[in-house]
Amino acid sequence: MSHASLTDRRPAGSLRGATLPKWFPWAVAAGSVALGLGISAAAGLGSSIQWALIAAVLFVAGTYAVAARVEGRRQAKDRVATSMVWVAFLLALIPLASLVWTTAKRGVKVLDGYFLSHSMGVVADTEPGGGIYHALLGTLEQVGIATVIAVPIGVLTAVYLVEYGRGRLAKAVTFFVDVMTGVPSIVAGLFILSLWIVILDMGYSGFAGSLALCILMIPVIVRSTEEMLKLVPNELREASLALGVPKWRTILKVVVPTSIGGITTGVMLAVARITGETAPVLLLVWGTNFINTDPFKDPQASLPMYIYLQYSNSVGSGAAYDRAWAASLTLIAFIMILNLVARGIARWKAPKAGR
């Protein structure tokens, strides 16, 4: 292929130099994959990760070599930077795709209507059968209670910090939110254990676990909501205040609706974080194989605890191993559904763009 065929033709007198066609990155990527597979086969490399890394290096090097010859070194450096971003994205995507594929492949073995609608109350952990109904119900109640408590506290705290926060109190709140962001889940569980169960003697329950999950949710909600509120243009606030609208009403009718999409996303991120927590559940909720619909009384099951118990009992029992993977797949699907619902709510509640 000649040099002229790789470049876009420019009219005479054009100030722009030669430019590679739009299909050039795809051609280099295909060639890099082919060469990577060839080198891997010739060298006897059996790992798919090795040939993928070889292909990535060839892709970046090939992009620079051809672009430097046709477009110049400056444009070649820009293309190399773009190529490295794509390579980093694909490298980050591979473990995620592998995780989802492995979980789906192993989880579909026992995942059906019976599995979702029955508990482990009359089935031993080493026997086939049973399901996750009791654990799914416990997770929904515990996460729901934590969300109902944490969302108002987190959003109102963020509104205070952005709209009203001045002086030492605002600095102290910001400092403690930063500290709470890095608190391990086991520490939150121990705090609620000592306060709610040891001191107040309230007993183990799903509500106790929800209190610990609140501690983990609040800083995430505060930080995400705070950043979203800061993105609202001050012109909107000033226009509303200039019309004589009180500040509290401006926040309620202008600021919050404008940033509702980002706030909802932050809440879903917080929900996704706490849904898979096991340490607070292990300390405060314990676990049971029977259905307990009352989160304020007696131990209650949850999906993370169910997965842990089934996997720990999977030695010599393929049924428990399959149930653990099926519960993991259910947990992933639960998070995906929550994110889809959040995106729908954000799009529905977002202010309509004018003409």
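Student: How do the residues of the lining of the second largest pocket divide into nonpolar, polar and charged?

Tutor: This is a predicted model, in which local features need pLDDT of at least 70 and side-chain atom pairs count only at pLDDT 80 or more, while totals for chains, interfaces and linings use all residues. Residues are numbered from 1 along each chain as its sequence is written, and side-chain values use heavy atoms, with hydrogens and water left out. Classes are assigned by residue type (Ala, Val, Leu, Ile, Met, Phe, Trp, Tyr, Cys and Pro are nonpolar, Asp, Glu, Lys and Arg charged, and the others, Gly among them, polar). On that basis the lining of the second largest pocket has six nonpolar, two polar and six charged residues.

Student: How much space lies in the second largest pocket, and which residues are closest to its centre?

Tutor: A pocket is an open set of points on a 1 Å grid over the protein atoms alone, with protein on both sides within 12 Å along at least five of seven lines, whereas a cavity is a set where a 1.4 Å probe fits but cannot get out; lining residues have an atom within 4 Å of a point. The volume is the space filled by probe spheres set on the points, which are joined across faces, edges and corners, and for the second largest pocket it is about 180 Å³. Of its 14 lining residues, Val-162, Glu-163, Asn-234, Arg-237 and Lys-247 are the closest to the centre. Two or more lining residues come from each of α6, α9 (206-230), α10 (234-242) and α11 (247-258), these helices being DSSP runs (H or I, at least four residues; strands are E, at least two) numbered from the N terminus.

Student: Which elements supply the lining of the largest pocket, and which gives the most?

Tutor: At least two residues each are supplied by α2 (24-43), α3 (48-70) and α4 (73-107), and α4 gives the most, with nine residues. The largest pocket holds about 550 Å³ of space and is lined by 20 residues, with Ala-29, Phe-59, Trp-86, Val-87 and Leu-90 nearest its centre. Its lining consists of 14 nonpolar, four polar and two charged residues.

Student: At what angle do α3 and α4 pack, and how far apart are their axes?

Tutor: Two packed helices are described by the angle between their axes and the distance between the axes. Axes are lines fitted to C-alpha atoms, for helices over the stretch in contact, and angles run from 0 to 180 degrees between N-to-C directions. Here α3 and α4 pack at about 165°, with their axes 8 Å apart, and they are therefore roughly antiparallel to each other (over 145 degrees; under 35 is roughly parallel, 65 to 115 roughly perpendicular and the rest oblique). Their crossing is right-handed, the near helix being turned clockwise from the far one by less than a right angle, and anticlockwise if left-handed. Contact (heavy atoms within 4.5 Å) is made by residues including Phe-59 of α3 and Val-87 of α4. By class, this contact divides into 12 nonpolar, two polar and three charged residues.

Student: Where α6 and α7 cross, what are the angle and the handedness?

Tutor: The axes of α6 (residues 133-164) and α7 (residues 167-181) come within 10 Å and cross at roughly 135°, which makes α6 oblique to α7. This crossing is left-handed, and Thr-157, Tyr-160 and Leu-161 of α6 meet Leu-169, Ala-170, Val-173 and Thr-174 of α7.
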